[in-house]
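Student: I would like a close look at a single part of this model. Please take me through it step by step.

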Amino acid sequence: MSSLTSALPPAQGTGARLARWGLYLILALFAAYYLLPLLLMIATSFKSPEEIRTGSLLSLPRELSLDAWSYAWNRACIGADCRGMAPYFLNSVAIVVPSVVLSTLFGALNGYALTKWRFRGANIVFAMILFGSFLPSQVILLPMARTLGVLGLAGSTGGLVLVHVVYGLAFTTLFFRNYYVSIPDDLVKAATIDGAGFFQIFTKIMLPLSLPILVVTIIWQFTQIWNDFLFGASFAAGGAQPVTVALNNLVNTTTGVKQYNVDMAAAMIAGLPTLVVYVLAGKYFIRGLTAGSVKG
């Protein structure tokens, strides 16, 4: 960029620099627009109730206090349950981990079968699975509720795991199918000639080559499942509810003076896992998305 700018006439070089700085300014404004609510939440969560009432919304806390975080985690009342966010946070972990593992594994198997073991009607099957990724979540509420009732999983953590696995299978299959299309078929043919079977090829060849799309799928599924509210509110009951439902109930529970610092601390607790995942693995997410974009 610098060599190109130096090769331009002075007027054009100045115009290019101004355009570049104008672009940086616009990006900075967008970043500030999206980050300001997060910064206000963090600042408010470290303030005392007195400082919130007497100070400015945009001011930083005069003294950092973890009381709101401790109260939100251990003692906040969520309806009639005053055990804080901790048990519901653990519920979300118990829901997310098996849901992500199972939906990713089944999606990889589907993508592998649809691309490397072509069978009669494979394109029709893929079209039907792809159609499932366009279905709004509200459409499946009634049939899924009926299914969970028949299986005896209504209102349980296991029922929510089943819901997220089934609903996420369309997306994970799409991810892996588009990625596996770019892997040469000769690898599978050579392994077949050497006597490798369906699952041997999948575990010894396809999975080791799938690291980029595995990262994408895990981040996608983790984010969607952790942030889900609709399925959690519809299919979980009582102590099986995820952290997002608990956060909603906490904010809507009124006992005396409203504790905005506790609400903000609870919101940060609920959103922290996805924030950490994107900060640590965001670049791998972008790389994985572009890894399978050459073919398919």
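Student: How much area is buried between domain 1 and domain 2, and what percentage of it do carbon and sulfur atoms give?

Tutor: Keep in mind that this is a predicted model. Start with the two parts. The domain assignment places domain 1 at residues 14–45 and domain 2 at 86–291. Their C-alpha centres are 32 Å apart. Five residues of domain 1 and six residues of domain 2 make the contact.

Now the area. About 490 Å² is buried between domain 1 and domain 2. Carbon and sulfur atoms give 88% of that. On the domain 1 side, three residues stand out: Met41, Thr44 and Ser45. Together they supply 77% of what domain 1 buries against domain 2, more than any other three residues.

Next, the polar terms. Between domain 1 and domain 2 there are zero salt bridges. The side of domain 1 that touches domain 2 has three nonpolar residues, two polar and no charged.

Last, the aromatic pairs. The model has 18 of them by the rule used. One of these joins Phe89 and Trp226. The geometry is edge-to-face, with 5.1 Å centre to centre and 70° between the planes. Phe89 lies in helix 5 (residues 86–116) and Trp226 in helix 11 (residues 211–226). The two residues are 137 residues apart, so the pair links distant parts of the chain.

Terms used:
Residues are numbered from 1 along each chain as its sequence is written. This is a predicted model: local features need pLDDT of at least 70, side-chain atom pairs count only at pLDDT 80 or more; totals for chains, interfaces and linings use all residues. Side-chain values use heavy atoms; hydrogens and water are left out. Domain bounds come from an automatic or database domain assignment. Contact means heavy atoms within 4.5 Å. Buried area is the accessible area (1.4 Å probe) that two parts lose on being put together, summed over both. A salt bridge is a side-chain nitrogen of Lys or Arg within 4 Å of a carboxyl oxygen of Asp or Glu. Ala, Val, Leu, Ile, Met, Phe, Trp, Tyr, Cys and Pro count as nonpolar, Asp, Glu, Lys and Arg as charged, and the others, Gly among them, as polar. Rings of Phe, Tyr and Trp (its six-membered ring) pair if their centres lie within 6.5 Å; planes under 30 degrees apart count as stacked, over 60 as edge-to-face and the rest as tilted. Helices (H or I, at least four residues) and strands (E, at least two) are DSSP runs, numbered from the N terminus.
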